[in-house]
Every structure is written in C-alpha cells, then in structure tokens.
Amino acid sequence: MNRQCDLLGLARSSWYYEPVAMGSEDVTLMNLIDAQYTDTPFYGSRKMVVSLRHLGYGVSRKRVQRLMRLMGIAGVCPGPNTSERRMEHAIYPYLLRGFMITRPNQIWSWDISVPQQAA
C-alpha cells in the first residue's frame with residue numbers, strides 16, 4: 001500500500017480517511033447563523049460568535065468561520081477601491097508649489113484659506 005500511495009502522490013492517511021457526516025449540532029448552528037445573517041447581513045464571524053454565545057452556544061470563532069464558509073456567506077463590508085477620488089469633489093490647488101522654504105516653522109504661518117500665488 002505504501003508504494004501505491006507513493007506512485008499516486010497520496011498520503012497514506014488520506015487513503016484510509018472516510019468522511020464523517022455533519023453532526024446535528026452543526027446543523028442547528030448553521031440554522032441559527034442563517035437566521036441571524038438574514039437579520040443582520042453585516043455580521044462577520046466575530047459578531048456571529050457573540051450572537052451565538054448570547055443564545056447559550058459555546059462556539060469558537062474558527063468553527064463559525066468554517067460553517068459560514070460552508071454556507072457560502074460572509075459579512076458585508078466595504079470592497080476595494082475605497083480610496084479612489086470622487087469626481088464631484090473639489091480639487092484644491094497645492095499652494096506651496098514654487099515656494100522657497102528658508103527657515104524652520106515657516107510653513108505653519110501659511111494661510112490656506114485664501115488661494116495665493118506662490119512667490
């Protein structure tokens with residue numbers, strides 16, 4: 001058996017592995033997670049653990065993550081490109097362009113409320 005597993009590129013322990021059916025507690029937890037997710041889709045695994053613990057289920061975050069991954073759900077959160085500029089926002093000129101800084105703390109006295117020509 002050892003040689004056959006080597007030829008297949010398989011670990012011997014995975015050859016003998018038989019999947020175990022999902023327990024009734026996991027099914028109950030998945031139903032509770034689904035109900036909570038329907039009410040609050042912005043809950044991630046951390047908040048979901050707190051919610052389940054309030055109901056009296058002592059679950060770990062890893063277990064909730066695994067069950068949420070099995071169910072194909074994830075907390076709603078901001079996606080990428082959150083720092084891209086909006087076209088409707090004003091663009092202010094850089095007032096220090098061309099300005100020669102000659103002494104310490106000189107820029108602190110610069111007035112940015114009125115656009116000025118750089119010296």
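**Close-up 1. Ile 73 sits in the segment after α5.** This is a predicted model, and in it Ile 73 counts as buried because its relative accessibility is 17%, with the cut-off for buried being under 20%. Skip the residues up to four places away in sequence, and Ile 73 touches Ile 33, Tyr 37 and Met 68.

**Close-up 2. Met 68 and its contacts.** Leaving out neighbours within four places in sequence, Met 68 is in contact with Ile 33, Tyr 43, Gly 44, Ser 45, Met 48, Ile 73, Ala 74 and Gly 75. So Ile 73 from the previous view turns up here again, as a buried residue at 17% relative accessibility.

**Close-up 3. The largest nonpolar core has 13 residues.** Those with the most contacts inside this core are Ile 33, Met 48, Leu 52, Val 64 and Met 68. At least two residues of the core come from each of α3, α4 (45–54) and α5 (61–71). The biggest giver is α3, which puts in four residues.

**Close-up 4. Ser 45, a residue of helix α4.** Ser 45 has a relative accessible area of 12%, so this serine goes down as buried. Who does Ser 45 touch, leaving aside neighbours within four places in sequence? The contacts of Ser 45 are Arg 61, Val 64, Gln 65 and Met 68. Two names here also belong to the core list of residues with the most contacts, namely Val 64 and Met 68.

**Close-up 5. A nonpolar patch on the surface, made by Met 1, Leu 8, Leu 10, Trp 15 and Tyr 16.** Together these residues have about 550 Å² of accessible area. Look for Tyr 16 in the loop between α2 (12–15) and α3 (24–39). With 56% relative accessibility, Tyr 16 counts as exposed, because the cut-off for that is over 50%.

**Close-up 6. Cys 5 and Cys 77: buried or exposed?** Cys 5 is buried, since its relative accessibility is 1%. Cys 77, on the other hand, has a relative accessible area of 58% and so counts as exposed. Don't go looking for a cystine in any of these views: searching the whole structure turns up zero disulfides. A disulfide, after all, is a covalent bond between the sulfur atoms of two cysteines.

Key: Residues numbered from 1 in each chain as written. Predicted model: local features only at pLDDT ≥ 70, side-chain atom pairs only at ≥ 80, totals over all residues. Heavy atoms only, no water. Patch = residues over 30% accessible without salt bridge, like charges linked within 9 Å, V, L, I, M, F, W, Y side chains within 5 Å. Areas by Shrake-Rupley, 256 points an atom, 1.4 Å probe, with all protein chains shown as cover. Salt bridge = Lys/Arg side-chain N within 4 Å of Asp/Glu carboxyl O. Buried < 20%, exposed > 50% of the residue type's maximum accessible area, 1.4 Å probe, protein only. Core = buried A, V, L, I, M, F, W, Y, C linked by side-chain atoms within 4.5 Å. Contact = heavy atoms within 4.5 Å. Disulfide = S-S within 2.5 Å.
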